[in-house]
Amino acid sequence: MKLFEETTIGKMKVKNRIVMPAMQLALGLTNKRARAYYMERAKGGVGTIIMSGTSVDLLNEDEAWGRKGAVAKLKKEMKAFTTQVHRQKAKIGIQLWHGNQIPAGAGMPIPGAKPVAPSAGNGMKKLTIKEIQSIIDKFALASRNAKDYGLDFIQLHGAHGYLLGQFFSGADNKRTDKYGGSLQKRMTMGIEVVEAVRDAVGKNYPISYRLGAQEDIPGGVTLSQAKKFAVELEKAGVDFFDISLGKNLKRGA
(Lines give C-alpha, C1' and ligand atoms only; values in the text may rest on other atoms or scores of the structure.)
Protein backbone atom coordinates (compact mmCIF):
# COMPACT_ATOMS: atom_id res chain seq x y z
CA MET A 1 0.00 0.00 0.00
CA LYS A 2 1.43 3.37 -1.07
CA LEU A 3 0.24 6.87 -0.24
CA PHE A 4 -0.18 7.98 -3.84
CA GLU A 5 -1.78 4.78 -5.13
CA GLU A 6 -5.37 4.81 -6.34
CA THR A 7 -7.82 3.02 -4.07
CA THR A 8 -11.55 2.35 -3.84
CA ILE A 9 -14.06 2.84 -1.04
CA GLY A 10 -17.05 0.75 -1.94
CA LYS A 11 -17.44 1.67 -5.61
CA MET A 12 -15.90 5.13 -5.21
CA LYS A 13 -12.50 5.40 -6.84
CA VAL A 14 -10.06 7.74 -5.11
CA LYS A 15 -6.87 8.91 -6.82
CA ASN A 16 -4.71 8.58 -3.69
CA ARG A 17 -4.89 7.85 0.04
CA ILE A 18 -4.52 11.45 1.23
CA VAL A 19 -7.61 12.55 3.15
CA MET A 20 -8.33 16.05 4.38
CA PRO A 21 -10.43 15.54 7.55
CA ALA A 22 -13.36 17.66 8.63
CA MET A 23 -12.31 20.70 10.65
CA GLN A 24 -14.24 23.52 12.30
CA LEU A 25 -13.24 26.37 10.04
CA ALA A 26 -16.14 28.83 10.50
CA LEU A 27 -16.11 29.34 6.74
CA GLY A 28 -19.58 28.12 5.86
CA LEU A 29 -20.19 25.80 2.92
CA THR A 30 -20.57 27.62 -0.38
CA ASN A 31 -19.47 31.21 0.12
CA LYS A 32 -16.44 32.57 -1.71
CA ARG A 33 -13.98 31.91 1.13
CA ALA A 34 -15.15 28.34 1.65
CA ARG A 35 -14.99 27.51 -2.05
CA ALA A 36 -11.50 29.00 -2.33
CA TYR A 37 -10.28 27.06 0.70
CA TYR A 38 -11.51 23.66 -0.46
CA MET A 39 -10.57 24.25 -4.09
CA GLU A 40 -6.98 25.05 -3.09
CA ARG A 41 -6.77 21.65 -1.37
CA ALA A 42 -8.29 19.89 -4.37
CA LYS A 43 -5.83 21.60 -6.72
CA GLY A 44 -3.01 20.68 -4.34
CA GLY A 45 -3.61 16.99 -4.96
CA VAL A 46 -5.57 15.67 -1.99
CA GLY A 47 -7.59 12.62 -2.98
CA THR A 48 -10.50 13.02 -0.56
CA ILE A 49 -11.92 16.09 1.19
CA ILE A 50 -14.34 15.97 4.12
CA MET A 51 -16.13 19.29 4.58
CA SER A 52 -16.66 20.79 8.04
CA GLY A 53 -19.15 19.33 10.50
CA THR A 54 -22.58 20.49 9.35
CA SER A 55 -25.92 20.43 11.14
CA VAL A 56 -28.41 17.92 9.76
CA ASP A 57 -31.01 20.70 9.85
CA LEU A 58 -28.96 22.94 7.59
CA LEU A 59 -29.31 20.45 4.74
CA ASN A 60 -33.02 19.78 5.06
CA GLU A 61 -35.07 22.38 6.93
CA ASP A 62 -35.76 25.92 5.81
CA GLU A 63 -37.87 26.49 8.90
CA ALA A 64 -35.01 25.76 11.29
CA TRP A 65 -33.06 28.68 9.93
CA GLY A 66 -35.83 31.13 9.10
CA ARG A 67 -34.72 31.41 5.48
CA LYS A 68 -37.36 30.44 2.95
CA GLY A 69 -35.83 28.70 -0.03
CA ALA A 70 -32.48 28.16 1.70
CA VAL A 71 -32.32 24.44 0.96
CA ALA A 72 -33.05 24.88 -2.76
CA LYS A 73 -30.42 27.62 -2.96
CA LEU A 74 -27.88 25.43 -1.16
CA LYS A 75 -28.51 22.55 -3.56
CA LYS A 76 -27.82 24.73 -6.59
CA GLU A 77 -24.64 26.17 -5.05
CA MET A 78 -23.34 22.81 -3.86
CA LYS A 79 -23.84 21.10 -7.22
CA ALA A 80 -21.83 23.85 -8.93
CA PHE A 81 -19.12 23.64 -6.26
CA THR A 82 -18.78 19.86 -6.26
CA THR A 83 -18.52 19.92 -10.06
CA GLN A 84 -15.51 22.22 -9.72
CA VAL A 85 -13.87 19.88 -7.19
CA HIS A 86 -14.44 16.88 -9.45
CA ARG A 87 -12.63 18.65 -12.28
CA GLN A 88 -9.54 18.40 -10.08
CA LYS A 89 -10.06 14.62 -9.86
CA ALA A 90 -10.76 14.87 -6.11
CA LYS A 91 -13.66 13.42 -4.13
CA ILE A 92 -15.57 15.50 -1.60
CA GLY A 93 -17.97 14.56 1.17
CA ILE A 94 -19.57 16.28 4.14
CA GLN A 95 -19.60 15.52 7.86
CA LEU A 96 -23.09 15.50 9.38
CA TRP A 97 -23.64 16.07 13.08
CA HIS A 98 -26.26 16.96 15.65
CA GLY A 99 -25.39 19.64 18.19
CA ASN A 100 -27.63 18.60 21.10
CA GLN A 101 -30.40 21.03 20.25
CA ILE A 102 -33.81 20.89 18.62
CA PRO A 103 -33.43 22.34 16.01
CA ALA A 104 -29.91 20.94 15.78
CA GLY A 105 -27.99 24.20 15.57
CA ALA A 106 -24.91 25.28 13.68
CA GLY A 107 -22.27 25.07 16.39
CA MET A 108 -23.78 27.70 18.68
CA PRO A 109 -26.93 27.96 20.81
CA ILE A 110 -30.13 28.98 19.02
CA PRO A 111 -32.52 31.17 21.04
CA GLY A 112 -35.57 29.11 21.92
CA ALA A 113 -34.01 25.77 20.96
CA LYS A 114 -34.31 22.89 23.43
CA PRO A 115 -30.98 21.54 24.73
CA VAL A 116 -31.23 17.75 24.53
CA ALA A 117 -29.17 14.69 25.35
CA PRO A 118 -29.59 10.92 25.82
CA SER A 119 -30.11 11.57 29.55
CA ALA A 120 -31.07 14.63 31.56
CA GLY A 121 -28.28 16.76 33.04
CA ASN A 122 -26.15 19.85 32.52
CA GLY A 123 -29.23 21.84 31.55
CA MET A 124 -30.28 19.32 28.89
CA LYS A 125 -33.50 17.34 28.81
CA LYS A 126 -33.77 13.64 28.08
CA LEU A 127 -34.79 12.88 24.51
CA THR A 128 -38.08 11.05 24.03
CA ILE A 129 -38.34 8.04 21.73
CA LYS A 130 -40.31 10.19 19.28
CA GLU A 131 -37.59 12.85 19.28
CA ILE A 132 -34.89 10.20 18.77
CA GLN A 133 -36.74 8.88 15.74
CA SER A 134 -37.07 12.40 14.39
CA ILE A 135 -33.30 12.90 14.70
CA ILE A 136 -32.65 9.59 12.93
CA ASP A 137 -34.93 10.75 10.11
CA LYS A 138 -33.03 14.06 9.92
CA PHE A 139 -29.72 12.25 9.44
CA ALA A 140 -31.26 10.12 6.68
CA LEU A 141 -32.81 13.06 4.84
CA ALA A 142 -29.67 15.19 5.13
CA SER A 143 -27.63 12.30 3.73
CA ARG A 144 -29.96 11.83 0.78
CA ASN A 145 -29.82 15.55 0.09
CA ALA A 146 -26.01 15.51 0.28
CA LYS A 147 -26.01 12.84 -2.40
CA ASP A 148 -28.37 14.92 -4.53
CA TYR A 149 -26.07 17.94 -4.11
CA GLY A 150 -23.26 16.06 -5.86
CA LEU A 151 -21.25 15.13 -2.76
CA ASP A 152 -19.44 11.81 -3.10
CA PHE A 153 -20.05 10.47 0.41
CA ILE A 154 -21.18 11.48 3.88
CA GLN A 155 -19.55 11.13 7.27
CA LEU A 156 -21.57 10.75 10.48
CA HIS A 157 -20.00 12.48 13.48
CA GLY A 158 -20.03 10.06 16.41
CA ALA A 159 -17.10 11.50 18.37
CA HIS A 160 -16.05 14.41 20.61
CA GLY A 161 -19.01 14.22 22.95
CA TYR A 162 -21.67 15.21 20.41
CA LEU A 163 -25.03 13.48 20.35
CA LEU A 164 -24.22 10.21 18.59
CA GLY A 165 -21.09 9.83 20.68
CA GLN A 166 -23.07 10.52 23.86
CA PHE A 167 -25.51 7.72 23.09
CA PHE A 168 -22.59 5.29 22.90
CA SER A 169 -20.84 6.55 26.03
CA GLY A 170 -21.74 5.06 29.39
CA ALA A 171 -20.64 8.35 30.97
CA ASP A 172 -23.42 10.25 29.19
CA ASN A 173 -26.08 7.65 28.47
CA LYS A 174 -27.98 6.61 31.59
CA ARG A 175 -31.14 5.48 29.81
CA THR A 176 -32.88 2.23 30.71
CA ASP A 177 -34.87 1.73 27.49
CA LYS A 178 -33.79 0.28 24.11
CA TYR A 179 -31.29 3.13 23.65
CA GLY A 180 -29.31 2.72 26.86
CA GLY A 181 -28.07 0.42 29.61
CA SER A 182 -25.97 -2.42 28.21
CA LEU A 183 -23.19 -1.86 25.69
CA GLN A 184 -25.37 -3.37 22.97
CA LYS A 185 -28.23 -0.98 23.74
CA ARG A 186 -25.91 2.02 23.75
CA MET A 187 -24.97 1.04 20.19
CA THR A 188 -28.61 1.18 19.07
CA MET A 189 -28.82 4.88 18.18
CA GLY A 190 -25.70 4.82 16.01
CA ILE A 191 -26.72 1.60 14.30
CA GLU A 192 -30.24 2.88 13.56
CA VAL A 193 -28.85 6.13 12.14
CA VAL A 194 -26.53 4.20 9.82
CA GLU A 195 -29.31 1.85 8.73
CA ALA A 196 -31.63 4.78 7.99
CA VAL A 197 -28.91 6.61 6.07
CA ARG A 198 -28.09 3.48 4.07
CA ASP A 199 -31.75 3.11 3.11
CA ALA A 200 -31.84 6.78 2.08
CA VAL A 201 -28.70 6.83 -0.09
CA GLY A 202 -28.72 3.33 -1.55
CA LYS A 203 -26.25 0.48 -1.32
CA ASN A 204 -23.36 1.95 -3.35
CA TYR A 205 -23.05 5.41 -1.80
CA PRO A 206 -20.15 5.51 0.70
CA ILE A 207 -20.84 6.15 4.38
CA SER A 208 -18.09 7.10 6.83
CA TYR A 209 -18.38 7.20 10.62
CA ARG A 210 -16.22 9.33 12.89
CA LEU A 211 -15.99 7.10 15.93
CA GLY A 212 -14.99 8.34 19.36
CA ALA A 213 -12.95 5.32 20.42
CA GLN A 214 -11.58 6.36 23.82
CA GLU A 215 -12.71 8.46 26.78
CA ASP A 216 -10.48 8.90 29.82
CA ILE A 217 -13.40 9.52 32.16
CA PRO A 218 -15.32 7.24 34.55
CA GLY A 219 -17.79 5.15 32.59
CA GLY A 220 -16.55 6.50 29.26
CA VAL A 221 -15.93 4.66 26.02
CA THR A 222 -13.07 2.15 25.99
CA LEU A 223 -11.11 0.96 22.99
CA SER A 224 -12.47 -2.55 23.50
CA GLN A 225 -16.05 -1.24 23.36
CA ALA A 226 -15.29 0.86 20.30
CA LYS A 227 -13.93 -2.15 18.43
CA LYS A 228 -17.19 -4.03 19.03
CA PHE A 229 -19.21 -1.00 17.97
CA ALA A 230 -17.19 -0.64 14.75
CA VAL A 231 -18.05 -4.22 13.79
CA GLU A 232 -21.77 -3.54 14.27
CA LEU A 233 -21.59 -0.22 12.40
CA GLU A 234 -19.94 -1.95 9.46
CA LYS A 235 -22.73 -4.53 9.41
CA ALA A 236 -25.26 -1.68 9.38
CA GLY A 237 -23.66 -0.07 6.34
CA VAL A 238 -20.50 1.91 7.20
CA ASP A 239 -17.78 1.71 4.54
CA PHE A 240 -14.90 3.46 6.30
CA PHE A 241 -14.05 4.94 9.69
CA ASP A 242 -12.37 8.06 11.03
CA ILE A 243 -11.12 7.16 14.52
CA SER A 244 -10.91 9.95 17.09
CA LEU A 245 -11.58 10.67 20.76
CA GLY A 246 -14.94 10.64 22.46
CA LYS A 247 -14.33 13.27 25.11
CA ASN A 248 -16.71 16.17 25.37
CA LEU A 249 -15.11 19.51 24.51
CA LYS A 250 -16.07 20.76 27.99
CA ARG A 251 -13.94 17.99 29.46
CA GLY A 252 -10.87 19.22 27.65
CA ALA A 253 -10.90 17.20 24.44
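1. Covering the buried residues of helix 6 are, among other parts, helix 3 (129–148), strand 9 (153–158), helix 4 (163–168), helix 5 (183–186), strand 10 (207–212) and helix 7 (223–236). Helices (H or I, at least four residues) and strands (E, at least two) are DSSP runs numbered from the N terminus. The model is a predicted one, in which local features need pLDDT of at least 70 and side-chain atom pairs count only at pLDDT 80 or more, while totals for chains, interfaces and linings use all residues. Residues are numbered from 1 along each chain as its sequence is written, and side-chain values use heavy atoms, with hydrogens and water left out.

2. Buried means under 20% relative accessible area, exposed over 50%, and partly exposed in between (1.4 Å probe, protein chains only). The buried residues are Thr188, Met189, Gly190, Ile191, Glu192, Val193, Val194, Ala196, Val197, Arg198 and Val201.

3. The length of helix 6 agrees with expectation: at 1.5 Å a residue it should span 20 Å, and its end C-alpha atoms are 20 Å apart. The expected span is 1.5 Å times one less than the number of residues. Gly202, which follows helix 6, has a positive phi, near 90°.

4. The largest nonpolar core holds 61 residues, of which Met51, Ile94, Phe139, Ile154, Leu156, Met189 and Tyr209 touch the most other members. Such a core is a set of buried Ala, Val, Leu, Ile, Met, Phe, Trp, Tyr and Cys residues joined through side-chain atoms within 4.5 Å. A second, separate core has 7 residues, including Val14, Ala22, Phe153 and Phe240.

5. Met189 belongs both to the buried set of helix 6 and to the largest nonpolar core. Apart from neighbours within four places in sequence, Met189 is in contact (heavy atoms within 4.5 Å) with Ile132, Ile135, Ile136, Leu164, Phe167 and Tyr179.

6. Ala26 lies in the loop between strand 3 (19–20) and helix 1 (32–44) and counts as exposed because its relative accessibility is 75%. His160, in the loop between strand 9 and helix 4, is buried, with a relative accessible area of 18%.

7. An open sheet of 3 strands has the order 6-7-8 and mixed pairing. Its edge strands, strand 6 (101–102) and strand 8 (125–126), each pair on one side only. Strand 6 pairs with strand 7 (residues 114–117) in the antiparallel sense over 2 bridges; two strands pair if DSSP finds at least two bridges between them. Lys114 in strand 7 is the bridge partner of Ile102.

8. The second largest pocket is lined by 13 residues, with Ile9, Arg17, Val19, Thr48 and Phe240 nearest its centre. On a 1 Å grid over the protein atoms alone, a pocket is an open set of points where a 1.4 Å probe fits, with protein on both sides within 12 Å along at least five of seven lines; lining residues have an atom within 4 Å of a point. Strand 11 gives the most to this lining, with 3 residues.

9. Ile9 is found in strand 1 and, at 17% relative accessibility, counts as buried. Not counting residues up to four places away in sequence, Ile9 touches Val14, Pro206, Asp239 and Phe240. The C-alpha atoms of Ile9 and Ser208 are separated by 9.8 Å, although these residues are 199 residues apart along the chain.
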